[in-house]
Each structure stands twice: as C-alpha cells, then as structure tokens.
Amino acid sequence: MHAYRTHTCNQLRAEHKGQTVKISGWIHRKRDHGGLLFVDLRDHYGLTQCVINTDNPMFPAFEKLRLENVVSITGEVVARTPETVNKHLPTGEIEVKLKTFDLLSAPVTDMLPLQVNTDEPYGEEVRLRYRFLDLRRDVLHRNIVLRCDVISSLRRRMIEQGFLEFQTPILTASSPEGARDFLVPSRLHPGKFYALPQAPQQFKQLLMMSGFDKYFQIAPCFRDEDARADRTAGEFYQLDVERSFVTQDDIFATMEPVIYGVFEEFSNFTGKKFEVSKPPFVRIPYDESMLKYGNDKPDLRNPLVITDVTSVFKRDDVTFNAFKSVLEKGGVVRAIRAPKVSDRPRSFFDKLNDWAKGEGAVGLGYVVFEGAEGKGPIAKFIPAAAQEELKKLTGAGSGDAVFFVCDMVEKAAPFAGKARTKIAEEMDIIDKHKFIFSWIVDFPMYEINEKTGKVDFSHNPFSMPAGGLHALNTQDPLKIKAYQYDCVLNGIELASGGIRNHVPEIMERAFDIAGYPKGEVETKFGGMYNAFKFGAPPHGGCAFGIDRMVMFLADQKNVREVIAFPMNQQAEDLLMNAPTTVEPNLLKDVHIKMDLPKAQIKAAG
RNA sequence: GCGGGUGUAGCUCAGUUGGUUAGAGCGCUUCCCUGUCACGGAAGAGGCCGAGGGUUCAAGUCCCUUCACUCGCGCCA
C-alpha cells in the first residue's frame with residue numbers, strides 16, 4: 001500500500017465498498033458522539049467521512065486530534081445505510097471505517113487564527129498573514145484553481161492559433177510606460193540600476209523585428225504604484241501578445257475568439273451562468289465613448305446613453321440662466337434619458353440630486369415627460385418647442401425623465417458618466433450576469449499635460465499615429481488619432497494595445513511634437529531604434545490583464561481573491577514579511593548608502 | 001500625500017442616553033452522548049475594549065492625538 005494514499009478524498013463511491021483504502025488530508029470537521037466519532041477528511045479534491053467507534057483501541061488517540069491536523073487514515077470503505085447517505089457530498093454514499101491512522105503533521109496546538117471549515121468573512125490582515133490557511137478554504141481555493149485553468153486555457157488557445165510562448169528578461173531597463181519603476185541596484189556597475197519591466201513592451205516588439213511573427217507570454221509586470229480593488233500593489237500578470245504584418249482588425253480578430261472562448265468556457269464557474277457577448281465585439285471610437293458614456297471604459301450592461309443637448313439651452317426661448325451663463329463661457333449641456341421613471345416618487349429624484357451635490361455639483365437638474373408636458377423644477381424655463389427638440393435629441397418619450405449636467409466639456413463629460421452609472425444603479429437596470437466586451441478605438445495620440453500645459457503622449461508613445469508622418473506634419477497634434485485601442489469589459493479596462501510605430505522617421509517626428517529633444521529616441525530606446533533602422537516589419541498587439549479576467553469569472557470585487565499570495569494595500573507581503581531591511585554587507589555589495597527621512601530612520605533600524 | 005469606513009475574547013461580531021461584574025456564536029479545555037454530516041447537551045478557561053492623552057463622580061461609549069487595516073482620490077500612457 002502506498003505510504004500516504006490509495007485514493008483522494010473525492011474518489012470513493014459505492015462501487016469501492018469492501019475495499020481497504022488509505023486516504024490522507026486535513027481534519028476538516030469532527031462530530032463526536034462519545035462512543036462514535038465522525039471525522040470529515042479534506043484534501044484538494046474533496047471530503048470523505050471517516051468513522052470510528054470505541055471498539056477500536058485507537059479511538060482515544062484519534063478523538064484527541066484537533067482540526068487541521070494532517071493524518072492518513074486506513075480503513076474499509078463501507079456503504080452507508082439509505083437513511084444516512086449524504087446527498088450534498090459526492091462521496092456521501094460511503095464512509096471509511098477507520099482501522100489505523102498516522103499523524104503526518106506536527107500536532108496542531110495553537111489556536112487557529114482563522115477557521116478553515118467556515119465561509120465566514122475574515123479581516124484582510126489575518127487572511128494575508130495566514131494566507132496558507134485562507135487558501136485551504138473553499139472559495140479562495142477554488143478561485144486559485146480557476147486561475148490555473150484560465151491560464152492554461154489561454155495558453156492552449158494562443159498556441160492553437162500558432163503563437164509561440166516566450167520569456168523575456170525580468171532584470172531590464174526602464175521602459176516607456178509612464179508608471180514608477182521598481183529598481184534593482186547593480187553590483188557589477190556601481191551607481192547603475194536595472195528596472196523590473198512594467199511590461200515586456202520593447203522585448204515583444206524586438207521579437208517581431210527578430211522575425212518571430214506571433215508572440216505571446218503570460219507576463220509578470222511590475223509597476224510601483226498604489227493599489228486599488230481592481231489593481232494589485234506592485235505586480236500583476238498579463239496575457240501579452242504581438243504579431244507582425246497585421247492591422248488593428250487582425251489583432252481584434254485574433255483576440256476575440258480567445259477572450260470570448262475563455263469567458264464562455266468558465267462562464268458558469270459561480271454556479272450562475274453569465275451571458276457573454278459574442279464576437280465581433282462592438283467598436284466604439286474614443287470620442288463617441290466620452291460623449292455617450294462619459295469615459296473611455298463604458299459599462300455596456302448599463303443601457304442609458306448620454307446625449308449633447310447644448311443646442312437646446314442655447315435657444316433664445318429657453319431662459320434657464322444657470323446653464324446659459326456656463327454656455328457663454330464655452331460650456332456644454334449633457335443629457336441622460338431615464339426611461340419610464342415618471343411614476344417614481346419624488347424621493348427618487350431628490351436622492352439623485354443629493355448624490356450630485358455630494359459629488360461637488362450644484363445639483364442634477366431634470367425634466368420628466370408625462371404626456372406632452374414636461375414637469376419638474378426646471379421645466380418652466382423650457383418652453384414647449386424647446387422641449388420637443390430635447391425629446392428629439394434624447395429620444396425621450398412620455399413617462400421618461402431627462403437629467404442634465406452642465407459644465408465645461410472636460411468636467412461635464414465625466415460627471416455625466418458618473419451620473420449615468422448612478423441613475424442606472426438607482427433604477428436597478430444593470431444586468432449583473434452579463435459580460436459585455438467592447439473595443440475602444442481611435443484614442444488621441446497626444447493630449448495637453450495639465451501640469452505643464454504642453455503637448456504630451458496620451459498613450460503609448462510607440463503607437464502609430466493615424467495618417468502617419470503626413471498627419472504629424474500637417475495636423476493639429478491634439479486632433480491626431482493613434483492606432484491605439486483598449487478592450488473594455490463591464491466598465492473595467494481589460495486590455496490595451498496598439499499598432500506600433502515601426503518607422504524611425506515617424507517616431508522621431510512623434511517625439512519631436514511631444515517636446516523631446518532631437519536624439520532622445522536614440523538615447524532612451526537605443527536597442528529599439530537600431531532595430532527600426534535594420535528592417536522592422538509593421539506589427540502590433542495588446543495585453544490582457546489576467547488577474548482582472550479571473551476576478552470577473554470568479555465574480556469577485558477584489559483581485560486579491562484570485563491571487564495566491566497578494567500584497568496588502570501598502571504593498572507589504574504580510575506572510576513573507578516584505579519589504580524588509582537587509583544586512584549592511586548586502587547594501588555594501590550594491591554600493592548603496594541609506595539617506596532616509598528622519599521619521600523612518602528608527603523604523604528601518 | 002489626502003478623504004471615508006473599521007478597530008471589543010484566537011476568529012466573526014453585539015454592546016442602548018456615559019452608569020453595577022463587558023456579552024453571543026465558532027474555536028479551545030473537561031464531562032455526557034453509537035448514525036451524525038454546521039450533530040446535540042452540561043460546565044469552564046479566555047479581554048490593556050488598537051495605543052496615548054483629555055472631559056467627567058463615572059468612559060468600550062464623548063473630545064483630541066496617533067497607529068493599524070480597508071475603500072476611494074492623487075498616481076497607474
């Protein structure tokens with residue numbers, strides 16, 4: 001007999017009755033009847049009930065074992081009587097009648113800081129400090145299995161399309177992404193540093209210039225920026241993809257079946273099937289998204305749409321001066337039509353108005369259409385003819401309300417976006433069991449940097465500008481679009497990508513417009529720049545956030561729920577105690593001397 | 001760096017307007033219990049109420065400071 005087990009804890013069925021088996025695992029739960037003791041033994045695969053009574057001389061020793069001890073149990077598989085079968089358990093037809101057992105772990109003597117056999121919510125700090133216990137618990141354990149399955153599915157789907165899986169360096173140089181780098185000091189080169197890759201961006205482009213055609217990688221990425229619920233501290237994984245001789249549509253056609261396929265494959269993970277939007281995913285130009293949804297990552301589960309109704313409030317017969325004064329300064333009015341809400345109580349509208357005030361707005365004006373007539377606090381400023389124009393622009397009919405946001409465009413658009421979300425939430429019209437994908441396309445190549453007031457890259461500086469060199473030389477930089485796109489799912493950015501700029505002349509001009517001195521491209525991205533000169537194929541790609549994909553499929557609100565060993569919000573690993581101070585000789589090796597803020601000198605000790 | 005929330009037993013939480021000895025469930029210890037499956041029952045141990053300061057006859061409760069965790073903002077093209 002095997003030293004540890006002949007079967008797993010999810011394997012034994014009625015057909016095994018009479019067999020002598022050995023199973024190993026953790027003591028999940030005990031039910032002690034004095035003369036009769038039931039123990040649920042748990043391993044990765046499931047639970048098996050074991051039973052022992054006082055006839056067995058091992059009874060006293062076995063009875064003393066505490067929860068979460070690791071034991072192997074040898075015994076006979078016994079069919080349960082019909083009335084004692086447990087239908088909720090796959091192994092519920094049988095139990096193992098214990099003959100002998102071995103304690104395989106050191107005996108558990110301390111109190112468990114968190115209980116494995118409950119689904120009670122625990123504090124983050126305890127969960128992270130004792131992550132190995134939390135990972136034993138059902139929900140987190142299954143989430144991590146899902147993550148493994150999702151990654152192998154992605155890998156299989158990419159390989160089936162003829163992509164090659166690469167590894168790229170972890171110790172590298174600073175890359176063109178805009179985030180803070182993690183730095184690693186060089187021992188051999190005093191005063192110099194490696195940077196951990198924010199993404200393998202340059203390497204994957206170099207692989208295209210090296211003639212490999214179809215690249216992918218399950219790539220670790222490192223960015224020294226603060227965490228959010230959908231963004232872990234420090235590091236995350238991307239499905240990183242690049243292809244040669246492709247257009248934007250080729251990238252979409254490559255990725256849509258992969259992403260749709262994976263989401264469809266695991267759409268039933270939570271036990272409730274999610275409906276997945278089929279390829280081709282809807283494509284929305286950036287400008288349209290900003291107008292209709294108020295951001296560049298629309299939640300398309302929300303059916304509400306924003307329209308521009310500035311023209312209505314500019315009419316001479318409309319006398320709503322609160323808006324007119326803003327319009328005179330160049331502002332806009334954005335409207336959100338909320339269908340069939342005229343029967344809602346006044347409190348529905350007041351609540352939204354209070355919310356808007358809480359967001360720093362003056363309020364959220366609205367008109368409710370009942371029959372032909374518009375009602376509400378500001379309806380009296382809008383005569384019938386103007387109301388007709390309003391209905392025409394927004395598509396509002398009888399029973400609908402239209403909410404207004406008025407401000408300068410750069411404030412009105414995002415606030416209308418927030419209001420769109422808030423109104424839909426209050427109306428409870430967002431279908432929580434849908435995955436709706438979209439591609440946001442035609443991002444602007446440049447934007448005004450608010451701090452400096454100068455023209456800056458708005459996305460990846462390596463993206464190809466639409467219209468190429470001609471556009472760069474002849475158009476207003478702020479009007480130039482880039483072959484740059486995001487894949488958005490339910491209001492969260494899932495991927496970003498672009499068709500790259502592979503022509504040195506266009507790249508130099510692009511950096512010139514963003515105010516970089518001549519030669520900057522060559523100094524900063526020398527390897528890439530050289531490659532561009534020696535035969536670079538047109539290429540492009542994208543990168544999908546794996547943690548976020550799994551988070552969606554597991555229906556979790558926080559990426560930590562799908563990562564085995566995440567850091568906390570302060571980018572600390574409570575289990576491994578990182579970051580930590582190091583021995584002075586290690587610092588000396590890498591030529592580092594501390595110069596700490598006074599308050600932290602004691603802490604660094 | 002800034003704002004919101006939370007902090008009471010090993011864990012999850014309750015604790016009234018400031019008022020006697022700070023409670024419950026799980027876990028832990030001892031005992032009873034031979035068909036449970038979140039087994040049941042009896043008893044028990046376990047508390048610097050995050051820390052420090054203040055107001056008060058009296059503070060878990062009110063005020064100030066501070067720390068930790070968390071959510072968000074800044075940041076992340």
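**Conventions.** I note that this is a predicted model in which local features need pLDDT of at least 70 and side-chain atom pairs count only at pLDDT 80 or more, whereas totals for chains, interfaces and linings use all residues. Residues are numbered from 1 along each chain as its sequence is written, chains are lettered from A and ligands numbered from 1 in the order in which they are written, and side-chain values use heavy atoms, with hydrogens and water left out.

**Entry 1: the sheet.** I traced an open sheet of 8 strands with mixed pairing, in the order β6-β9-β10-β24-β23-β22-β19-β12. Strands (E, at least two residues) and helices (H or I, at least four) are DSSP runs numbered from the N terminus, and two strands pair if DSSP finds at least two bridges between them. The edges are held by β6 (164-165) and β12 (282-285); each has a single partner strand, so one side of each lacks a neighbour in the sheet. I then examined β6, which runs parallel to β9 (residues 214-223) and is joined to that strand by 2 bridges. Glu165 has Phe216 of β9 as its bridge partner.

**Entry 2: helices on the sheet.** I found helix α5 (residues 201-209) lying across β9, β10 (234-244) and β24 (539-545), at about 20 degrees to β10. Helix α6 (residues 248-265) also packs on the sheet, where it touches β10, β12, β19 (437-441), β22 (484-489), β23 (492-499) and β24. The direction of α6 makes about 160 degrees with that of β19. Contact here means heavy atoms within 4.5 Å; axes are lines fitted to C-alpha atoms, for helices over the stretch in contact, and angles run from 0 to 180 degrees between N-to-C directions.

**Entry 3: salt bridges.** I recorded 39 salt bridges in the structure, each a side-chain nitrogen of Lys or Arg within 4 Å of a carboxyl oxygen of Asp or Glu. Arg5 pairs with Asp43, with the closest N and O atoms 3.7 Å apart. Arg5 lies in the segment before β1 (20-32) and Asp43 in the loop between β2 (36-42) and β3 (47-53), so the pair ties together parts 38 residues apart in sequence. Arg5 is partly exposed at 36% relative accessibility, while Asp43 is buried at 8%. Buried means under 20% relative accessible area, exposed over 50% and partly exposed in between (1.4 Å probe, protein chains only).

**Entry 4: buried pairs.** Arg301 and Asp299 form a salt bridge at 2.8 Å, N to O, and both residues are buried. For Asp134 and Arg127, the closest N and O atoms of the salt bridge are 2.5 Å apart; both are buried. I noted that shared partners join Glu124, Arg127, Arg131, Asp134, Arg137, Arg560 and Glu561 into one salt-bridge network.
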